[in-house]
Amino acid sequence: MRSGWELAITLLPFLGLFALIAVAVQAGYWLALAATPLAGLFLLRLFIIQHDCGHGSFLRSRAGNDWIGRVLGVLTLTPYDCWRRSHALHHAGTGNLDARGFGDVDMLTVREYRERRWLRRLGYRLYRHPLVLLGLGPAYLFLLRHRLPIGLMKEGWRYWVSAMGSNLVTALVLALPLWLFGFGVTALVFFPILLSAASLGVWLFYVQHQFPDAYWEPRADWSFYEAALEGSSYLALPAVLGWFTGYIGIHHVHHLSSQIPFYRLPEVLEKHPQLKELNRFNVVQACGTLRLALWDEDRRGMVSFREAAL
């Protein structure tokens, strides 16, 4: 019942805002576009619910989790089965230097960076630039990359079905506003909402594992529990933002036990107050982590290009 309530108070306002903005813009009330960030926050919260479905923590029924996740994946432009698989690999290898590349932000060590040719160094520098990470990157990820089962193409037909099925149903869902409002209004409303949610979501994901003392170890020395607690941050957000982001900022607890529904994560902090100070960042401090780009094997921490003297 609680999960159903959380879904209702997120999905219905999102659909209502989308329709309201589209109707107002078509009537010439361009000020309605000011509500785009709010709609983006509701879309981000829908993604968090989809995320919990992927962990099997939103409902007791696995089938229920999967079908709600698939439906929400149509709205978030994220093929559910593909995402669930890559995200499971992310959880299984967070902080493992030998298990990078699935569901995470690409990260090189200082040694690896130095061994690259200048052109690949330039590509990595561009990739890690905040304008790319939070601007071009989210647009590419949700509009293009998710349209194919990138990284999972050889793992079975189900991931092709997930990607192609999501593409088809998304097109069918968008057909309604396209018919009612036309392409111009639909694009003007849908894309800013999607990209505002995507950029904030990518920033959250970046902050969760990219901070000065983040845990990284080779496979031989890696520990799941140490990686969860030491390699994931606690982003202390204002109450309203905490609600909209599904408390995913309490990320160290989530990685320690992904079976906890998002709406119960604050309870864990209250019952275990020692977790409140572990890898804790506020919004300003979290924004400062965007300068970090490399894992320094000697300093045992993440550094900027300048700190690495590169």
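1. A residue is called buried here when its relative accessible area is under 20%, exposed when that area is over 50%, and partly exposed in between. By that cut-off aspartate 66 is buried, because its relative accessible area is 8%. The structure is a predicted model, and the points below should be read with that in mind.

2. Aspartate 66 has a salt-bridge partner in arginine 84, and the closest N and O atoms of the two are 2.8 Å apart. Since arginine 84 belongs to helix H4 and aspartate 66 to helix H3, the pair ties together parts of the chain that are 18 residues apart in sequence. Arginine 84 also counts as buried, because its relative accessibility is 14%. As a general point, side chains of opposite charge can pair when their charged atoms come close.

3. The two helices that carry this pair are H3, residues 62-76, and H4, residues 80-93, which pack at an angle of about 115 degrees with their axes 9 Å apart. Angles of 65 to 115 degrees count as roughly perpendicular, and H3 and H4 are therefore described as roughly perpendicular to each other. On the H3 side the contact involves Arg62, Asn65, Asp66, Gly69 and Arg70, and on the H4 side Tyr80, Asp81 and Arg84. Sorted by class, the residues of this contact of H3 with H4 are one nonpolar, two polar and five charged.

4. Helix H3 also packs against H8, where the axes come within 12 Å and cross at roughly 50 degrees, and the two helices are therefore oblique to each other. Here H3 contributes Val74, Leu75 and Thr76, while H8 contributes Val169, Thr170, Val173, Phe190 and Leu194. The class make-up of the contact of H3 with H8 is six nonpolar, two polar and no charged residues, to be set beside the one nonpolar, two polar and five charged residues where H3 meets H4.

5. The salt bridges in the model come to 16. One of them joins the side chains of arginine 85 and glutamate 155, with 3.1 Å from N to O. This pair links distant parts of the chain, with arginine 85 in helix H4 and glutamate 155 in the loop between helix H7 (130-143) and helix H8 (157-209), 70 residues apart. Arginine 85 counts as partly exposed because its relative accessibility is 31%, and glutamate 155 is likewise classed as partly exposed, at 37%.

6. Another salt bridge is formed by glutamate 307 and arginine 291, whose closest N and O atoms are 3.1 Å apart. Glutamate 307 sits in the segment after strand S5 (301-303), and arginine 291 in the loop between helix H13 (283-288) and strand S4 (294-296), so that the pair links distant parts of the chain, 16 residues apart. Glutamate 307, at 32% relative accessibility, counts as partly exposed, and arginine 291 is partly exposed with a relative accessible area of 46%. Elsewhere, salt bridges that share partners join Arg62, Asp66, Arg70, Asp81, Arg84 and Arg158 into one network.

7. The unreviewed UniProt entry annotates residues 30-273 as "domain: Fatty acid desaturase". In the model this span is 65% helix and 2% strand, with its end C-alpha atoms 46 Å apart. UniProt also lists residues 7-24, 30-48, 126-145, 157-181, 188-207 and 227-250 under "transmembrane region", again in an unreviewed entry. Among these, residues 30-48 are 68% helix and 0% strand, with end C-alpha atoms 29 Å apart, whereas residues 126-145 are 80% helix and 0% strand, with end C-alpha atoms 18 Å apart.

8. Tryptophan 243 is in helix H10, residues 239-244, and counts as partly exposed at 25% relative accessibility. Leaving aside residues up to four places away in sequence, tryptophan 243 touches Glu6, Ile9, Phe42 and Arg45.

9. Asparagine 279, a residue other than glycine, has a positive phi near 50 degrees; asparagine 279 lies in the loop between helix H12 (265-271) and strand S3 (280-281) and counts as buried at 17% relative accessibility. Arginine 300 also has a positive phi, near 60 degrees; arginine 300 is placed in the loop between S4 and S5 and is partly exposed, with a relative accessible area of 39%.

Note on methods. Residues are numbered from 1 along each chain as its sequence is written. Side-chain values use heavy atoms; hydrogens and water are left out. Axes are lines fitted to C-alpha atoms, for helices over the stretch in contact, and angles run from 0 to 180 degrees between N-to-C directions. Helices (H or I, at least four residues) and strands (E, at least two) are DSSP runs, numbered from the N terminus. Angles under 35 degrees count as roughly parallel, over 145 as roughly antiparallel, 65 to 115 as roughly perpendicular and the rest as oblique. Contact means heavy atoms within 4.5 Å. Ala, Val, Leu, Ile, Met, Phe, Trp, Tyr, Cys and Pro count as nonpolar, Asp, Glu, Lys and Arg as charged, and the others, Gly among them, as polar. UniProt positions are given in the numbering used here, feature names are shortened, and annotations may be inferred rather than shown by experiment. A salt bridge is a side-chain nitrogen of Lys or Arg within 4 Å of a carboxyl oxygen of Asp or Glu. Buried means under 20% relative accessible area, exposed over 50%, partly exposed in between (1.4 Å probe, protein chains only).
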